[in-house]
Structures are given as C-alpha cells and as structure tokens.
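Reader: Hey, can you walk me through this one? I'd like to go through the contacts bit by bit.

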Amino acid sequence: MYEHDVIVVGAGGAGLRAAIAANEAGADTAIVSKLHPVRSHTGAAEGGINAALREGDDWELHAYDTMKGSDYLGDAPAVETLAQNAPDETVNLEHWGMPFSREDDGRVSQRPFGGLSFPRTTYAGAETGHHLLHVMYEQVVKRGIQVYDEWYVMNLATTDEEDPNDRQCEGIVAYDVQSGNVEGFKANRGVILATGGPGQAFDHTTNAVSCTGDGHAMAYRAGAPLEDMEFIQFHPTSLPSTGVLISEGVRGEGGILYNEGGERFMFEYGYANNDGELASRDVVARAELTEVGEGRGVNDEYVHLDMRHLGEERITDRLENILHLAEDFEGVDGLVEPMPVKPGQHYAMGGIDVDEHGQTCIDGLYAAGECACVSVHGANRLGGNALPELIVFGKRAGRHAAGEDLGEPEIRTGYGDDVEDETDTELPVQPGSAGLGTGDDVAADGGVTAEVDVLEHAVERERERVEHLMNKDTGVQHAEIRSKLQSAMTDYVNVFRTGDGIKNALKIIRECRKEYQDVYVDDPSRTFNTDLQQTYETRNLIDVAETIALGALVRNEFRGAHWRQENQIRDDENWLKHTLVSWDDGEPAIFYRPVILEGGDKTYEPKERSY
Amino acid sequence: MSTQQEQPREPESQEAPKDPEMKGSKSPQQERLRKKEAGLADERSEAEAEATGETVHIKVFRYDPEVEAKQEPRFDDFHVPFEKGMTVLDAVMYARDEFDSSLTFRHSCRQAVCGSDAFFVNGTQKLGCKTQISDLEQPVRIEPLPHQEVVKDLVVDMDHFYDQMHAVEPYFQQEDLPEGELEEQRQSRENREKVKMSTRCIWCGACMSSCNIAAGDNEYLGPAAINKAYRFAMDEREDEEIKEHRLRILEQEHGVWRCQTQFSCTEVCPKDIPLTEHIQELKREAVKKNLKFW
C-alpha cells in the first residue's frame with residue numbers, strides 16, 4: 001500500500017497544476033497516471049490561453065464573453081473566478097519559462113479567437129498545449145513531486161453511506177501497468193481527479209485514445225453526480241480521416257471556410273453575418289454540416305478551410321504546426337491548397353459536479369480540468385478557455401485538498417434541497433444494474449459502510465475483478481462493444497439531435513451494458529496488459545455515454561452545443577438549469593439545479609446570442 | 001534483457017548515412033519539399049491506388065516474458081485491409097482490435113504530439129501515427145525501438161530515457177523575476193525563434209534509440225537530453241550564471257563531447273529538430289566558456 005496526503009489522478013494540465021499547488025501548500029503529494037505525464041492529451045491543445053492581460057481588456061469583459069458563450073449556463077461565480085485568475089496564472093507560466101509567441105517589444109502575443117470581444121488568446125505557435133504540459137511537468141520535476149506513471153487507476157475507495165453527501169473518499173485502487181500488480185493508495189487529505197475528457201465515447205473525435213472518461217465514471221459510481229453531460233462540443237475544424245484538430249487559431253488569423261462551390265458560406269448563407277468564421281464553435285459546426293447536408297459539401301463529407309491568403313511568412317510564424325498536421329495526416333499542403341475539415345467531437349463542457357474549490361459532494365474527492373464541471377463553459381466552451389480552466393481550477397483544487405481555506409463555496413454540489421427531480425421524460429429503456437457480473441450491487445461502487453478497511457476492501461474487489469476477467473475464457477471482447485457504442489453516439493447524439501435518435505442511442509447503450517456482462521480479457525499476461533486496461537476503460541465509456549444521452553434526451557431545448565430538432569429555441573423559462581445524473585443504487589437518476597447568473601457585483605441577463 | 005540481440009536486425013538497424021554531410025544538411029521537411037518539387041509526391045497516390053482493395057502485410061515483433069508461447073521472440077504476420085490514409089499505427093490497431101487483442105504497444109494522441117508510438121519501422125525509428133503505410137515497402141516490419149529493453153511486444157522500457165532527461169535539470173531556473181503586477185519577462189522574437197525547434201521535443205525516444213554512441217555508452221546524456229538542456233541554455237531569460245552551470249553539466253565526460261556527429265538523431269526526429277546542430281552549438285559554447293577560464 002502507498003500513502004500520501006494528496007493523490008492526483010491524471011497528469012495533464014489540471015493534474016500537474018493541482019499537484020504543484022498541493023505541494024506548495026505543504027502536502028505530501030503524488031500523481032498517479034496511466035500515461036507518462038508528457039504524454040497527456042493537454043499536449044494536443046493548439047490554440048491558446050484566454051487571459052485579460054492588456055490595456056483595453058479586463059477580466060469583466062472576459063467573464064461577460066464567457067457567460068454569453070456559455071449560452072447563460074455557466075455559473076457566474078465560477079466564470080468570474082476563471083476570468084479574474086487567468087492573467088496571474090498565465091504570467092506565472094511565462095515565469096516558469098513557457099515559450100509563448102512574442103511581440104516586437106518582447107511581451108507575450110495575443111490573438112483573436114471565436115466569441116471574444118478582445119484578442120486575448122495568449123499562445124505559443126499552434127502548440128500551446130504542448131508547451132503548457134511540458135512546462136508544468138518541468139515544475140513537477142523541479143519540486144521532486146512523486147509520479148507513478150503508467151499506473152492505471154481502477155476505482156476509488158469510498159465509504160458507502162446511503163446519502164452520497166455523507167460519503168468519504170479515502171484513496172484509490174490502481175494497477176501498475178508494467179507488472180500488473182493491483183495496489184491501494186491511501187489519500188490522507190484528498191483525491192483529485194484530473195483525468196481529462198471522455199471523447200472516446202464518439203468515433204470521430206479530436207481526443208486521444210486515452211480520453212476514456214475514467215474519472216467521470218469512477219466519481220459517478222462513487223455517488224458524485226455528473227453535470228451537464230449533454231453539452232458536447234464539436235469542433236468545426238478536424239481532419240476528416242483521423243479527427244486530428246486544426247486549431248481555431250487558423251480562423252483567428254483569418255482563415256476562411258468555403259463550400260464545394262467556393263462560396264464563403266458563413267457570410268453568404270447567413271449563418272453568422274457579423275462574425276463569419278469566428279462565430280462560436282457550435283454555430284460554425286452546424287453551418288458546416290448544413291452545407292454538407294444540403295449537398296454543398298466537398299465529396300459529400302466536408303468543407304474547405306483556406307489559409308493560403310495569409311501568406312507563407314505568417315502561416316509559418318503562427319500556424320506552422322497546422323502545415324505539418326495537414327500534410328502528415330491528409331496529404332495536403334496548406335500553403336498551396338485548402339485543407340479539408342469537418343466537425344469532430346472535441347470537448348465535454350459537462351463533467352463531475354464540483355464547486356469552485358474543485359470539491360465534489362463526497363468528502364475528500366475533488367475534480368479539475370475537463371473531467372470536472374464547475375461550471376465555466378455552460379452549454380458551449382469558447383476557444384481558449386480550456387487551458388485557463390486547467391490552471392486556475394487545478395490550482396484551487398490542489399490548494400483546497402492540501403488544507404488551505406478558500407472560504408465558503410458559492411456553488412453547491414450533489415443532491416440537496418435546492419434541486420428539482422426529473423419527472424417528465426419517458427425513458428426508452430429501464431435503467432438497471434450495470435456492473436461486471438461480480439456482485440457489485442452496492443450503492444457506491446466498490447464502497448463499503450464501516451468496520452472493514454475501506455481501501456483494503458476496494459483493493460480486494462479490484463483484484464477479484466481482474467481475476468474474473470482474466471480467468472474467463474470466452475465471451476465478448478471490449479473492442480467490439482466499444483466500437484458499437486462509439487457508432488451509436490456518433491449516429492444519434494451528434495451535432496444534430498432528435499428525441500427518437502437519442503432514444504435509439506440509449507437502447508444501444510443498454511445493449512452494450514448487457515454485452516459487457518460477458519466481457520473477457522484474452523491476453524493472459526500480467527505484463528503491460530492493455531487488453532485488460534481497455535476493458536476497464538470500455539466500462540467507463542458506457543457509463544459516461546449513458547449520462548450524455550440521458551442529459552440530451554431530457555433537455556428538450558436548443559442551447560449552445562445542444563441542438564434539438566423538436567425544439568429549436570432556447571427555452572430560458574424552463575431550462576436555465578443544470579442537468580445532473582447520479583448513480584443511485586446502480587441506476588441513473590436525473591435531477592436539476594438552477595444556474596447561478598448572479599456574479600460578484602452584477603447579474604448576467606440572458607440575451608440572444610448573435611454573431 | 002537480451003532478447004533484442006537475438007533478433008537478426010543489427011545490420012539494417014543503423015544504416016550509416018551514405019553521405020553524412022548531405023544528410024545533415026537536409027531536414028526531413030526539406031526532404032519532403034524536395035520530393036514535391038521533383039514531382040515525386042505523386043508516388044504516394046500511385047502506391048495508394050495500387051493498394052486499394054488490397055491488404056497490407058505487416059510483420060510485428062512479439063515477445064512477452066510471461067507467456068510461454070511468446071518467451072521466444074518472433075514476428076507475427078498480419079494482413080490488414082488497406083484504407084487510404086492508413087498509418088502504421090492504424091494498421092497495428094486494426095491487427096490488435098480484429099485479430100489479436102494481446103498485441104501490445106503504446107499510443108495515445110495519434111497526432112504526433114504525445115510521443116508514445118515511436119517504433120522501428122522497416123529499419124528506421126518512426127512515429128507510427130504519422131507514417132503513412134503506403135510510403136513503405138511491404139511487408140512492413142514493425143519492431144520495438146532498438147537499444148531499449150523490451151517490456152512486451154512493441155513496448156520498451158523508457159526509464160533510462162527519462163533518467164537522462166532528468167539529469168540535465170530540465171526546468172527553467174530564473175529566480176530574478178520582474179516585479180509588478182502581471183509583468184512578464186521579456187524575450188525577443190529572435191530568441192524565441194532560436195529555441196523554438198528545441199522546445200518541440202515530445203520525448204518519444206526515437207533519437208536516443210538511433211544513436212550509436214548512446215547504444216555503446218549508457219551514461220551518455222544523449223541527443224534528447226542535450227536538446228532539452230539547449231532549450232534552456234539558449235533561452236535569454238535565464239541568466240549567465242545558470243547558463244554556465246548548465247554547460248558544466250553538458251561538458252562532463254558523458255556529455256556533449258561524446259557526440260560523433262553521425263546525424264542519426266536529426267534524421268529520425270519526427271519533429272524535425274536539428275539535434276546534431278544543437279549539440280555542436282553547445283560544444284562551441286562550452287569551448288568558449290572554458291577558454292575564458294583557462
């Protein structure tokens with residue numbers, strides 16, 4: 001058994017920042033990650049970090065843009081915290097040596113991004129995430145923070161009181177990928193989940209294959225609700241063959257979208273008369289698919305993104321990485337031809353329900369980064385707002401877990417007296433127990449009520465699961481289930497959604513659950529068994545996909561990234577509220593909590609979003 | 001573990017550049033541009049057309065210390081349906097998902113930024129995700145990186161690589177930060193440009209694996225770590241004192257002087273980092289500093 005004060009699960013931007021903050025606050029801190037830290041998906045972020053650094057800009061404008069971008073589903077205290085802290089945190093990165101792009105006077109460069117009223121996206125070429133990740137890992141090395149890399153975290157060790165608000169997280173169970181040993185990690189002060197996005201629930205995604213929603217699923221099964229999961233951002237410019245991301249920086253620098261007829265459709269077809277290509281991501285993604293749907297797409301599949309007119313010098317200076325991506329993955333030279341692009345799953349606005357200190361309703365359990373929902377992004381994240389979220393809320397979670405007093409949170413979490421139960425929507429399938437067929441029918445999956453050592457019990461359970469999966473000789477393989485799940489999500493819970501389609505997806509997800517009862521691991525080896533790891537991940541994807549589809553079904557309105565054919569208006573009267581799905585005795589339960597539009601000294605009045 | 005040596009691959013593993021000067025002077029990107037200008041880019045589409053509707057034959061190295069049938073290293077053959085744009089990574093993923101779920105390799109971002117899937121492909125270190133299968137001669141031989149201990153199949157032990165990276169104090173060291181709210185350090189565009197390529201390293205390990213010197217001298221810091229040190233030593237935001245400290249680390253016995261400018265690292269780097277050049281520049285800096293003292 002291992003023991004630390006604070007255990008951070010995941011080593012991307014949020015995890016590394018949380019670990020540094022916890023370490024600085026004096027806690028014995030360790031990071032446990034299924035990848036080596038520099039391989040985390042934060043490294044793939046391209047665009048930049050929004051921060052009000054310059055004269056003419058201020059945090060209030062940033063907060064306003066973010067609230068508007070969120071389609072008024074961001075919680076104002078979280079949004080204001082983000083905007084207030086982003087400048088300090090960005091400059092802090094610079095102080096740690098981050099190689100930002102520079103202006104002639106030596107200051108860091110900023111550029112325009114979609115939905116921003118000021119060019120406040122601070123960037124390092126088109127590889128900002130790569131540098132952010134490496135700089136932060138360098139600081140972890142400098143501080144000698146313990147890193148358990150290539151350890152896969154299988155579950156949380158949580159007590160099992162009936163009300164999740166009374167539960168306590170005492171540690172985690174993980175296995176050493178290299179040796180296959182399953183071990184317990186005791187966390188004396190807190191566990192911080194920073195496991196990134198769940199993009200692998202979809203089959204066309206910009207996300208790494210490691211983005212399997214592990215943290216989401218573990219927190220969910222331990223009793224922390226998942227919030228606003230229906231809001232999935234589809235990035236308008238991913239490469240058609242692989243889903244590789246082409247940064248919004250291309251449009252920020254002046255890149256233009258054309259349909260097959262060479263028409264600049266964002267203007268000519270009136271999708272965004274004011275902002276054109278720089279309208280917010282949901283608007284552009286729908287415009288592209290509408291073009292394709294109406295027969296104006298290239299090869300009936302994608303549209304063209306053209307940056308040739310920017311000139312070689314500017315492209316090489318600011319978007320060089322894009323040239324490489326287009327060439328390596330699509331065989332297209334961005335200097336002489338337009339690049340093919342289409343929308344791809346990119347980001348999950350929703351996540352583990354946390355307050356502005358990163359804490360869930362379970363004592364000692366925190367979440368930060370893409371796996372968490374504070375919520376700052378609401379129904380639609382603005383480009384350039386993910387990286388500041390990582391550093392601002394990663395740091396806060398680290399400090400709070402280490403025992404610093406951050407005051408009373410304004411955002412509430414978990415099931416409480418301020419929530420409203422879902423009673424209206426008819427579900428197409430009867431949710432039911434969805435475990436592994438090894439008797440995991442307790443409320444907090446892996447949990448136990450008292451007397452027994454919680455962590456020991458959780459470790460025992462995971463060892464049994466591994467035995468079960470490895471000893472089983474026949475059945476279904478995870479790859480089959482995963483692929484079925486991904487197709488269902490892409491077919492029915494994509495950019496355009498209908499009630500019937502989502503119901504189909506839910507039925508298929510249920511089938512996947514059922515098939516998963518019969519899953520087995522073919523590779524008999526304990527050494528680097530990726531088959532076993534992916535089998536665990538697939539289970540997590542099923543849980544997460546179900547919450548996405550459930551959220552999408554009940555929210556019968558059109559808000560941000562969530563488009564419903566039956567109801568194409570934003571219904572502020574009924575839907576200025578967050579969707580929460582919690583794991584209630586092994587079944588999903590849905591409830592709502594009102595959005596907080598009241599900020600420190602002003603209230604954000606919902607207005608129509610026009611671009 | 002000695003399994004690597006049992007494989008008859010040494011002869012083709014480190015093909016010496018025929019004309020070292022020429023090789024060193026052309027980055028892979030320049031090489032691509034040259035091909036394009038010469039009309040050779042069409043080759044790829046021809047190869048693709050030829051392969052359409054067919055399968056790709058890959059031979060994948062297999063080894064598992066724990067499974068009896070795999071304890072003796074071998075190659076397994078897979079015939080994967082070809083699709084336009086298919087990469088080496090796509091092919092091994094297909095083989096794993098459809099044919100043999102125990103086939104083991106690292107991969108994550110599949111866009112050449114996480115550095116997980118550096119393999120030895122037809123005798124050269126390459127990132128699986130950014131290597132088009134249609135560019136390769138069949139059967140495509142896919143092996144773990146040479147000169148690193150094999151954990152299983154295509155997975156190598158990276159600990160030594162990480163140790164070397166950590167040995168150069170790979171973190172910014174500047175205590176003298178500007179005062180005042182939101183005041184960043186200034187860095188000229190030129191200086192950022194100077195360190196830019198060095199900051200692109202994704203820690204894939206291809207360069208270390210390709211380096212003959214590193215293969216023979218386990219203590220040699222190696223191209224990746226030296227490049228990491230270059231990234232800081234050349235950054236004008238760090239002051240002279242720390243720069244000297246960095247050079248002292250680099251000019252030790254197993255530091256920059258071990259490099260014999262064979263350019264293997266530069267040739268295989270998937271991010272086109274001019275590693276050999278960076279090592280030479282640090283040698284010059286070290287000499288300059290020493291002359292000052294002597």
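Reader: Let's start with Arg296(A): buried or exposed?

Author: Arg296(A) counts as buried because its relative accessibility is 18%, where buried means under 20% relative accessible area, exposed over 50% and partly exposed in between, with a 1.4 Å probe and protein chains only. Before we go on, this is a predicted model, in which local features need pLDDT of at least 70 and side-chain atom pairs count only at pLDDT 80 or more, while totals for chains, interfaces and linings use all residues. Residues are numbered from 1 along each chain as its sequence is written, chains are lettered from A and ligands numbered from 1 in the order in which they are written, and side-chain values use heavy atoms, leaving out hydrogens and water.

Reader: Ok. Which side chain does Arg296(A) meet in a salt bridge?

Author: That would be Glu291(A), at 2.8 Å from N to O. A salt bridge here is a side-chain nitrogen of Lys or Arg within 4 Å of a carboxyl oxygen of Asp or Glu. Glu291(A) is buried too, at 0% relative accessibility.

Reader: How many salt bridges over all chains?

Author: The search of the whole structure gives 78. Take Glu511(A) and Lys484(A), with their closest N and O atoms 2.9 Å apart. That pair links distant parts of the chain, 27 residues apart: Glu511(A) sits in helix α13 (residues 499-516) and Lys484(A) in helix α12 (residues 478-492), both of chain A. Helices (H or I, at least four residues) and strands (E, at least two) are DSSP runs, numbered from the N terminus. Glu511(A) is partly exposed at 38%, and Lys484(A) is partly exposed at 27%.

Reader: And in chain B, what does Lys288(B) pair with?

Author: Glu285(B), with the closest N and O atoms 3.0 Å apart. Both lie in helix α14 (residues 275-293) of chain B, three residues apart, about one turn of the helix. Glu285(B) is buried, with a relative accessible area of 12%.

Reader: Switching to the interface: how much area do chain B and chain A bury between them?

Author: About 5900 Å², with 45% of it on carbon and sulfur atoms. Buried area is the accessible area (1.4 Å probe) that two parts lose on being put together, summed over both. The contact (heavy atoms within 4.5 Å) takes 63 residues from chain B and 76 from chain A.

Reader: How many salt bridges between chain B and chain A?

Author: Twelve. One of the salt bridges joins Glu184(B) to Arg107(A), whose closest N and O atoms are 3.2 Å apart. On the chain B side, elements that each supply at least two residues include α4 (28-37), α6 (88-99) and α11 (222-233).

Reader: Which residues form one aromatic cluster with Tyr2(A) and Tyr148(A)?

Author: Trp151(A) and Phe185(A). Tyr2(A) is partly exposed at 29%, whereas Tyr148(A) is buried at 9%.

Note on methods
Phe/Tyr/Trp six-rings, centres within 6.5 Å; stacked < 30°, edge-to-face > 60°.
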